[in-house]
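Student: I have a new model open and would like to learn how to read it. Could you walk me through it?

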Amino acid sequence: MSTQPSSFADENLPEGAVVDGETLTRSIDDVFDVVIVGSGAAGATAAHTLTAAGLSVGIVEEGPWMKTRELAKDVHTAFGRIMRQSGMQVLGGRAYMPMLQGRCVGGSTLVNSAIAWRIPEDVVDDWSARFGLGSSISMRELEPHFDALERDLSVREVDPSVLGENNRLFVEQASRQGFKAAPMRRYDRGCKGSGLCLTGCPNGAKQGMSLTYVPWSLERGARIFTSCAVDHVQIVGGRAVAVQARSATGQLVTIHARHAVLVAASTVQSPNILRRSGIRAGALGRHFQAHPGLAIGGLFPTTNRPIEMAFGATQGAESTHFRTTERFKLETISLPPDLAGARIPGVGRELTERLSQLAHVAVWAAQVRAEAEGVVTSGLGGVDRVDYTLTKRDLEAARKACTVIARMLFEAGAREVWPGIYGAPSVLRSIDDVRHLESAPLDPRSYNFIATHLFGAARMGKDPRSSVVDLDFQVHGVTGLHVVDSSVFPTNLGVNPQHSIMAMSRLAATRVAECAVRSTLGRTGPGRESARKYAKTLDEASTAA
Amino acid sequence: MKRPHFNPALASFELAWTDAAFDTIYPEPPESALPHGVLSMHPARFFQNVLAAVPLEQSLGLRVTLWMIALAPLFTIRKLGTIASIAPEDRVRVLERLLASPYYFVRQLTMSFKAIATLLYAQSEQVRAAMTTPLRPLVNAARLTSRAKPVHEASSESRGSHEHAAE
């Protein structure tokens with residue numbers, strides 16, 4: 001059994017640094033240099049960067065702060081507290097697609113698998129060629145930020161001692177098929193292989209934002225307002241001046257910004273916050289993209305070495321072999337019984353018979369780099385809505401991915417494979433049965449996708465007619481209002497996006513910090529070269545701190 | 001922002017339907033290969049709490065699902081009665097047919113119901129332990145002979161519509 005450290009980074013926080021909206025009994029009116037909406041990957045990274053520059057920062061977070069010691073191991077309790085809509089949020093369109101988003105301090109970094117992927121170069125080239133981002137968002141600009149993030153958050157490959165059989169078998173099988181595959185690189189400081197990434201790491205090993213950049217920013221004087229849902233950003237005379245929120249107890253929370261407001265509330269929430277703030281850009285809410293994910297289970301003979309998904313990195317192995325050719329990425333995912341049960345065929349005796357052998361089940365997955373674009377809108381009662389339907393090409397990619405995974409599972413020794421595709425057998429019993437998947441329907445209602453990794457809806461670009469923010473992440477025509485989350489990404493990536501979101505946010509925050517410091521000192525703009533030098537200064541300050 | 005909530009308590013007949021449907025998914029031994037069924041975990045109370053905790057739209061959707069499952073015997077196996085009043089083996093057939101329905105909403109809503117049943121069932125430490133502990137070959141052989149039917153037989157018997165279930 002693993003032992004917990006004596007204290008976690010989310011304990012013993014500076015006095016007064018956390019204002020809990022669940023117990024707030026009076027309205028709040030406060031002022032900071034910069035106000036950040038959201039404390040997930042983007043918001044927390046920006047807060048850390050800005051506090052390193054000596055700026056005062058207020059963070060407004062809609063969800064509660066779920067401390068490491070309070071994390072529940074069962075999915076129902078955990079999701080009810082830390083997931084948006086208790087984990088029941090869905091994308092609409094021709095088919096419903098569950099969309100899991102953390103709604104807590106740290107956002108989805110509390111409940112994801114902490115996978116670190118630098119933005120692929122072909123994506124940056126595409127952004128430059130098709131969207132004119134050019135040298136503003138280049139590998140040269142981003143690399144120092146990736147370097148800093150990897151140092152801060154201890155990015156490393158999954159240690160073989162906690163790889164677990166689900167991951168090990170995947171790497172072995174993929175390599176046998178001639179696919180490039182490897183253990184993942186993750187934000188990990190001492191993973192014990194508890195397999196509980198999806199409900200929050202009970203050992204504090206996963207370097208999510210609630211254990212790193214948020215508490216580190218609070219140490220530098222930032223303040224966080226938790227359980228306070230932002231209604232809108234106040235814009236006066238074309239300038240963002242404050243954020244208005246409502247605490248869980250119904251109190252009005254107004255946070256004024258001397259220099260800037262950074263919106264980092266996620267691809268689904270940020271566009272609607274901008275809308276409620278009076279932004280009317282034509283591209284707002286449009287061009288939403290995702291990586292729809294599919295998982296396939298395989299039951300192995302009990303005479304084989306057990307898979308035991310309950311041990312090992314939740315997601316620890318991957319292959320980008322098909323990323324550019326077929327537009328999907330293969331990876332493992334160890335599902336807890338709470339989530340696996342619903343996806344295993346049968347009810348009653350048949351279901352429980354299979355569940356009794358869950359320790360012999362491997363689950364491998366694919367995330368599709370879908371070309372489909374959706375629209376983010378606001379529904380009745382202010383509910384965020386996304387309308388999103390996959391294209392035929394996306395479904396072809398998904399079908400191909402299912403075929404590849406099913407074949408891999410059988411070749412690894414599985415005796416049953418559960419593809420979960422309507423129109424194909426629910427149980428495949430031999431590799432010959434995989435042919436059924438090759439002709440599976442190209443209908444989104446036939447697949448059980450989960451929407452992971454969300455992008456776009458407040459896209460970056462030079463032209464205000466086709467984009468929402470400019471190349472410095474500032475909303476066109478509004479001084480001091482920036483969007484720094486993956487809403488600004490012109491396209492999806494084809495790889496897990498947290499690392500790229502953080503690097504982009506760090507880049508944005510560096511530019512905001514430079515601008516704020518310049519305006520404080522009354523100096524004039526020194527351009528991008530000095531922004532890079534400035535980022536270096538911040539890094540040194542960060543390291544020293 | 002606070003969202004409107006309208007969750008009147010489940011009526012006694014709805015509670016009975018819930019218990020029956022959950023029990024069909026996770027029955028008591030010997031109909032289960034796991035240590036106990038879900039019925040001892042008060043599924044109706046759990047379902048009611050879920051309805052109260054989730055947003056209005058999802059809550060209404062789940063309630064509609066309960067009604068759909070409750071009244072499904074008539075349009076799936078042509079039997080007059082609700083899910084609570086028919087025989088256990090008929091309940092299994094009803095749920096299997098709903099999960100394999102050609103109508104997207106029917107199978108998707110039934111799947112959500114199964115997912116919620118699993119969220120409750122997996123909270124049992126005993127059940128979790130049984131699910132996550134590897135079976136040793138000898139033990140497994142004994143289990144397969146002592147149980148009513150092994151997986152491959154059970155599922156081959158229920159081939160047909162279920163064979164194409166999008167689970």
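Student: How many residues does the contact take from chain A and from chain B?

Tutor: Happy to start there, and keep in mind that this is a predicted model. In general, the size of an interface is often given as the accessible area lost when the parts come together. Here we can count residues: 51 from chain A and 52 from chain B take part in the contact.

Student: Which elements of chain A give two or more residues to the side that touches chain B?

Tutor: They are helix 2 (75–82), strand 10 (228–236), helix 8 (337–343) and helix 9 (349–355) of chain A. Helix 9 of chain A gives the largest share, 7 residues. By class, that side of chain A has 20 nonpolar, 20 polar and 11 charged residues.

Student: And how many helices and strands are there in chain B?

Tutor: Chain B has 8 helices and 0 strands, so its pattern along the sequence reads α-α-α-α-α-α-α-α. Of its 167 residues, 42% are buried.

Student: At what angle do helix 1 and helix 3 of chain B pack?

Tutor: The idea is to compare the directions of the two axes; 65 to 115 degrees counts as roughly perpendicular. Helix 1 (residues 12–25) and helix 3 (residues 56–76) of chain B pack at about 75°, with axes 10 Å apart, and are therefore roughly perpendicular to each other.

Student: Which residues make that contact?

Tutor: From helix 1 of chain B come B:Glu14, B:Trp17, B:Thr18 and B:Ala21, and from helix 3 of chain B come B:Leu66, B:Ile69 and B:Ala70. Sorted by class, this contact has 5 nonpolar, 1 polar and 1 charged residues.

Conventions
Residues are numbered from 1 along each chain as its sequence is written. Chains are lettered from A and ligands numbered from 1 in the order in which they are written. This is a predicted model: local features need pLDDT of at least 70, side-chain atom pairs count only at pLDDT 80 or more; totals for chains, interfaces and linings use all residues. Axes are lines fitted to C-alpha atoms, for helices over the stretch in contact, and angles run from 0 to 180 degrees between N-to-C directions. Helices (H or I, at least four residues) and strands (E, at least two) are DSSP runs, numbered from the N terminus. Angles under 35 degrees count as roughly parallel, over 145 as roughly antiparallel, 65 to 115 as roughly perpendicular and the rest as oblique. Two residues are in contact if their C-beta atoms, placed from the backbone, lie within 7 Å. Ala, Val, Leu, Ile, Met, Phe, Trp, Tyr, Cys and Pro count as nonpolar, Asp, Glu, Lys and Arg as charged, and the others, Gly among them, as polar. A residue is buried if 20 or more other C-beta atoms lie within 10 Å of its own, exposed if 12 or fewer, and partly exposed in between; C-beta atoms are placed from the backbone.
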